[in-house]
Amino acid sequence: MGNIRALKGFKDIFEDEIEKHRRVEAAARKYLHCFGFKEIEVPLLERTELFARGIGESTDIVEKEMFTFTDKGGDSVSLRPEATAGVVRAYIQHGLYEREKVTKLFTVGHMFRYERPQRGRLREFRQINVEVFGVKEPLIEAELIFMNSLILKELGIEDYKIEINSVGCEMCRVRFVNVLRDYLRDKKPALCEDCQRRLERSPLRIFDCKKESCGTIIGGAPLISESLCTECRTHLERLAYSLSALSIEYVLNPRLVRGLDYYTRTVFEVSSDRLGAQKAFIAGGRYDSLVGLLGGPPVPGVGFAIGIERTSLLLPPLQAKRGPLFFFASVGENARGYLYPLLRGFAVRGIPLTFSYEEKSLKAQMRYADSLGADVVMILGEEEIERQVVVLRDMHKGQQMEVRLDVDTILRAAISLRERNFFDFSPGDVLNKTE
Ligand code: HAM
């Protein structure tokens, strides 16, 4: 039997990549806290019906991309392809709308979509998902977009584009779908198979098609912005005003649509050309009917999700920001005994101390220290014990000095070395410095 490998589209995250994930998360948390968001965790597995009703039966996500199975009780359940439906379910289930007028929630976690894996597109991925309930005013969309710009600034990501559009309310959409169907009727044979199906079931999704042949036809299609009712148009104008007032640069893209059915009025995406085909790394919008649709009161909602993997791809390379790494090398039984007080002393102060778990020759220990990237090796053998000193060796410059064999003294030297530039100093505890 061959080695078992992770499933296609599923990934082990480690080393620099996990550091980058944590950085994205930390930057988001900083501003989520600042803007008054509270954290929630919702299950990874929900009834399939929640997603079918929430995201839309005829969306690609629900039609083709869910990990769905029947559990032992005979219920159809699905791994969440996104978090909004689950957060809305929780909001309704716990009557959160009764507690406060405006509820701001975020959740960080794994999503699952059976998509064709490529760069920035996985079958298991992570999102920072943000939702606000109870605000009708477009000021909230502007605030969320502004918050995203602060998070990206904190992460050092500058080359991105913010696009906004309105997909209208239900009324606008009915009107627009008729206009669009009229335009596409005689062009149907030229559309791809997917779009022909979309034309019947969810024509707006045609704008999402990436195929060149469809692109040309769609390029000449009427736009939803031409079918917006007065309220929806005003909403979009007021959002544009708020964004400008917050000095946010954005592009009004009348062709922007989203792959989830719950959006009403505002949709937005943040994208970067550096990402290739999967350009959007943050996306969201308003969903004024979703809470009602899932059985709650008619509370409006707005939210977005930051894709952690895609955002991480945009981060500059990590700069190792650590103090010197210490290694304790001992020769002989007596010297080895000093490991314990040193290990305690270093750990209590939060300073990492490395050493060899096995007793080895000094040469082997030095090689091991080198392979770990140790900056300073503390060397202790019988001869040093006799003289009551320990040798501190700067592994970069090859310089050595000796300090008194006393745990407090060694720790003081280590702390000085951490704070200063290794051996470019002369602490009082140094007994002897050798080149
Ligand atoms: P979404 O556009 O489907 O929206 O996903 C948001 C972000 O999740 C994308 O921009 C991308 O960064 C990341 N993402 C999506 N699919 C994948 C994938 N297969 N691999 C890697 N990353 C991916 C939503 O999920 C909505 N629930 C956002 C929202 C919240 N709208 C309102 N509230």
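Helix α1 (residues 15-34) and helix α5 have axes that come within 9 Å and cross at roughly 140°, and that makes α1 oblique to α5. The crossing of these two helices is right-handed.

A few words on how to read this. The model is predicted, so local features need pLDDT of at least 70 and side-chain atom pairs count only at pLDDT 80 or more, while totals for chains, interfaces and linings use all residues. Residues are numbered from 1 along each chain as its sequence is written, and side-chain values use heavy atoms, with hydrogens and water left out.

Helices (H or I, at least four residues) and strands (E, at least two) are DSSP runs, numbered from the N terminus. Axes are lines fitted to C-alpha atoms, for helices over the stretch in contact, and angles run from 0 to 180 degrees between N-to-C directions. Angles under 35 degrees count as roughly parallel, over 145 as roughly antiparallel, 65 to 115 as roughly perpendicular, and the rest as oblique. A crossing is right-handed if the near helix is turned clockwise from the far one by less than a right angle, and left-handed if anticlockwise.

Helix α5 (residues 139-154) also packs with helix α9 (residues 230-245), at an angle of about 40° and with axes 8 Å apart. These two are therefore oblique to each other, and their crossing is right-handed.

Now to the ligand. Around it are 27 residues, of which E82, E115, L122, R258 and Y263 come nearest; a residue is near if one of its heavy atoms lies within 4 Å. By class, this shell has 13 nonpolar, seven polar and seven charged residues. Here Ala, Val, Leu, Ile, Met, Phe, Trp, Tyr, Cys and Pro count as nonpolar, Asp, Glu, Lys and Arg as charged, and the others, Gly among them, as polar.

The table lists polar contacts, meaning pairs of N or O atoms within 3.5 Å.

| Side chain | Ligand atom | Distance |
|---|---|---|
| E82 | nitrogen | 2.6 Å |
| Q127 | oxygen | 3.0 Å |
| E131 | nitrogen | 2.9 Å |

Taken alone, the ligand exposes 660 Å², and the protein buries 96% of that (Shrake-Rupley method, 1.4 Å probe). Elements giving two or more residues to the shell are β6 (124-133), β10 (280-286) and β11 (301-307).

Terms used: A polar contact is a pair of N or O atoms within 3.5 Å; within protein, one must be able to donate a hydrogen and the other to accept it, and residues adjacent in sequence count only if both atoms are side-chain atoms.
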